[in-house]
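Please open the model in a viewer and keep the selection tool at hand.

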Amino acid sequence: MPTKTILLCDDVFAKKEEAKERSRVLQKLTNDLSQRLKNKVRTIAVLDIPKEVITTADKKSDIEILKGLPVEVILKQAKEPNVEMLVMGTRARSGVKRTFLGSVAEEIVRNADVPVLVLGSHAVEADYSLNKKTLKILVISDLSDTSGGAERFAARFAKKLNAEIILFHSVGDQIKHMKDMLYSQRVKSAGVEALFDEMKEFAETSMSRKIKAYKAQGLKATGHIAYEEVEVSKFLKKNDWQNADFIVMGTHSRGRFLKAFLGSTTRRVMLSARVPVIIVRTK
């Protein structure tokens, strides 16, 4: 069986110190990950300017320089049969920067057929590295079919890394959004508390079933349900991201701004996480 490849998309010709630091951490992470997964690394730099602009001194023998529209070129390269994962960095630091991770990265996250690992600014600032022997993968799930692809990927990923899975669901976040919606529409319902109880019961039953399924595959897995009525990223940030080394989330490309999964949860997690976030698109 051919060796799988990690496709690293890196802005290796950037001149700003911030970009150079992002590139350094990104390359370190990718190389460490490839060793653990026993995968090859293929690094590409996509330019929408003539290749001749890059001087001989700038060129590196282990980096492929491709010309064209970045989104189109990267998505095309990601379709190569041996590509298992796409890795890239982001620049945005907070929700104030509405581009979230830049137009290129957002288009790729929404449309790539393979999982996309995104290294955000906070992870770069923390000089993220895989220096632990035992790794933890935090899977953020809404416990529906939308998260199924992410949950299955996490199982494969954990087996390869010999990592522990923490399956996380926030029923409190869902209740908060529902309360906000009812309040904004001035809707009063005598049965709403009963509905919230049903949501909690469903979450507990589903979580138990999914953890049993993980353990049946020989995986070390624990579940965590958050009942506090706060947004997911705020809860996780307060709890130090459950001490995870990776975060895995699911989404699909139905909405232009990744509104499918849990509203804006995907964007908020990617902007604030101090660890890499892997997005798995449900087709």
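Begin by selecting F157, which is buried because its relative accessible area is 3%; buried means under 20% relative accessible area, exposed over 50%, and partly exposed in between, with a 1.4 Å probe and protein chains only. The model is a predicted one, in which local features need pLDDT of at least 70 and side-chain atom pairs count only at pLDDT 80 or more, while totals for chains, interfaces and linings use all residues. Residues are numbered from 1 along each chain as its sequence is written, and side-chain values use heavy atoms, with hydrogens and water left out.

Next, select F246, which counts as buried because its relative accessibility is 0%. The ring centres of F157 and F246 lie 5.2 Å apart and the planes stand at 75°, so this pair is edge-to-face. Rings of Phe, Tyr and Trp (its six-membered ring) pair if their centres lie within 6.5 Å; planes under 30 degrees apart count as stacked, over 60 as edge-to-face and the rest as tilted. The pair joins distant parts of the chain, since F157 belongs to helix 5 and F246 to strand 9, 89 residues apart. Helices (H or I, at least four residues) and strands (E, at least two) are DSSP runs, numbered from the N terminus.

Now select helix 5, residues 148-161. How many of its residues are buried? The count is 10 of 14, so that the helix is mostly covered; among the buried ones are G148, E151, F153 and L161. Just after the helix, N162 takes a positive phi of about 55°.

Then display the largest nonpolar core, which has 83 residues. Such a core is a set of buried Ala, Val, Leu, Ile, Met, Phe, Trp, Tyr and Cys residues joined through side-chain atoms within 4.5 Å. Those with the most contacts inside it are L33, L86, F157, F246 and I247. A second, separate core of six residues includes V12, F13, L47 and I65.

Finally, colour the open sheet of 10 strands, whose order is 3-2-1-4-5-10-9-6-7-8 with mixed pairing. Two strands pair if DSSP finds at least two bridges between them. Strand 3 (63-67) and strand 8 (221-226) stand at the edges with a single partner strand each, so one side of each is left without a neighbour in the sheet. Select strand 1 (residues 5-9) and strand 4 (residues 83-89), which pair in the parallel sense over four bridges. The bridge partner of L7 in strand 4 is L86.

Definitions and conventions. The expected span of a helix is 1.5 Å times one less than its number of residues.
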